[in-house]
Amino acid sequence: MAHATVAAAILAGGQARRFGGRDKSRLLVRGRPIIVRQVEILQRVAATVFVVAPDAARFADLGLPVYPDLLPGAGAMGGLHTALEMSPAERVLVVACDMPFLHDGMLERLIELAAGADGAWVRTAHGVEPLLACYQRATRAAVRDAIGAGRLKLADLDTVLHMRELAAVELAAFGPADELLANVNDPADYGKVE
């Protein structure tokens, strides 16, 4: 069920250098573009879904709002900042555009966990997943300040934000972590999910 106080942002502003500049969000996984799969799942849990990307025309067929980075050149941290600034809702689910296997139950759990903190993200033995997370919109000033200070590493946000964690043991209830957290960084990754 979509939460009225939750928006979802798909971050699609990367240059996909390791993928030859191809639009990773449009790669087909099990016969459907990744971004179409994402929108379908995100609409189940969020009242509003939007895209953060420099080229709105690229996503016109989705019928979603598209916002360019408000602070260009800040990478994924800039995308997060834009998502928080442009969100019409108090909580913002943020997902990278190259994650084909989102699960609505997992997203619901992140939304629940974020209610008692600045946000919530997944943590596995590999570390945290800051682009599969739910953030409070109220954290936008802290994110903007981190960018201003040149701290652009998303995984370090827990030094300025109180982030709750969806641990690997709980994540397993929604499926295999390797699938749920799969992302397409390069052609080898694509070969594993296609």
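Reply: First, a term: buried means under 20% relative accessible area, exposed means over 50%, and partly exposed lies in between, with a 1.4 Å probe and protein chains only. The model is predicted: local features need pLDDT of at least 70, side-chain atom pairs count only at pLDDT 80 or more, and totals for chains, interfaces and linings use all residues. Residues are numbered from 1 along each chain as its sequence is written, and side-chain values use heavy atoms, with hydrogens and water left out.

Now the sheet. Helices (H or I, at least four residues) and strands (E, at least two) are DSSP runs, numbered from the N terminus. Two strands pair if DSSP finds at least two bridges between them. Seven strands form an open sheet with mixed pairing, in the order β5-β4-β1-β6-β8-β7-β9. The edges belong to β5 (66-67) and β9 (163-167). Each has a single partner strand, so one side of each is left without a neighbour in the sheet.

Look at strand β1, residues 3-11. β1 pairs with β4 (residues 46-52) in the parallel sense, over six bridges. β1 also pairs with β6 (residues 91-96), again parallel and over six bridges. Single residues show both pairings. Ala8 has Val49 of β4 as its bridge partner. Leu11 stands opposite Val52 in β4. Leu11 also stands opposite Ala96 in β6.

Ala7 is buried, with a relative accessible area of 0%. Contact means heavy atoms within 4.5 Å. Not counting residues up to four places away in sequence, Ala7 touches Ala46, Thr48, Phe50, Ser87, Pro88, Ala89, Arg91, Val92 and Leu93. Leu42 is 35 residues from Ala7 in sequence, and their C-alpha atoms are 8.7 Å apart in space. In a regular strand, side chains alternate between the two faces of the sheet.

Axes are lines fitted to C-alpha atoms, for helices over the stretch in contact, and angles run from 0 to 180 degrees between N-to-C directions. The edge strands have been named: β5 and β9. Helix α1 (residues 34-45) packs on the sheet and touches β1, β4 and β6. The direction of α1 makes about 150° with that of β4. Helix α3 (residues 104-114) packs on the sheet too, touching β1, β6, β7 (119-124), β8 (127-136) and β9. The direction of α3 makes about 65° with that of β8.

Gln38 is found in helix α1. At 1% relative accessibility, Gln38 counts as buried. Leaving aside neighbours within four places in sequence, Gln38 is in contact with Ile10, Val95, Ala96, Cys97, Asp98, Met99 and Leu102.

α3 is largely enclosed by the rest of the structure, because eight of its 11 residues are buried. Those residues are Gly105, Met106, Leu107, Glu108, Leu110, Ile111, Leu113 and Ala114.

The two helices also meet each other. The axes of α1 and α3 come within 9 Å and cross at roughly 45°. Angles under 35 degrees count as roughly parallel, over 145 as roughly antiparallel, 65 to 115 as roughly perpendicular and the rest as oblique. α1 and α3 are therefore oblique to each other. A crossing is left-handed if the near helix is turned anticlockwise from the far one by less than a right angle, and right-handed if clockwise. The crossing of α1 and α3 is right-handed. α1 brings Ile41, Leu42, Arg44 and Val45 to the contact, and α3 brings Asp104, Leu107, Glu108 and Ile111. By class, this contact has five nonpolar, no polar and three charged residues. Here Ala, Val, Leu, Ile, Met, Phe, Trp, Tyr, Cys and Pro count as nonpolar, Asp, Glu, Lys and Arg as charged, and the others, Gly among them, as polar.

Compare another helix pair. Helix α2 (residues 75-86) and helix α4 (residues 140-148) have axes that come within 9 Å and cross at roughly 150°. α2 and α4 are therefore roughly antiparallel to each other. Their crossing is left-handed. From α2, Met77, Gly78, Leu80, His81, Leu84 and Glu85 meet Arg140, Val143, Arg144, Ala146 and Ile147 in α4. The residues of this contact divide into six nonpolar, two polar and three charged.
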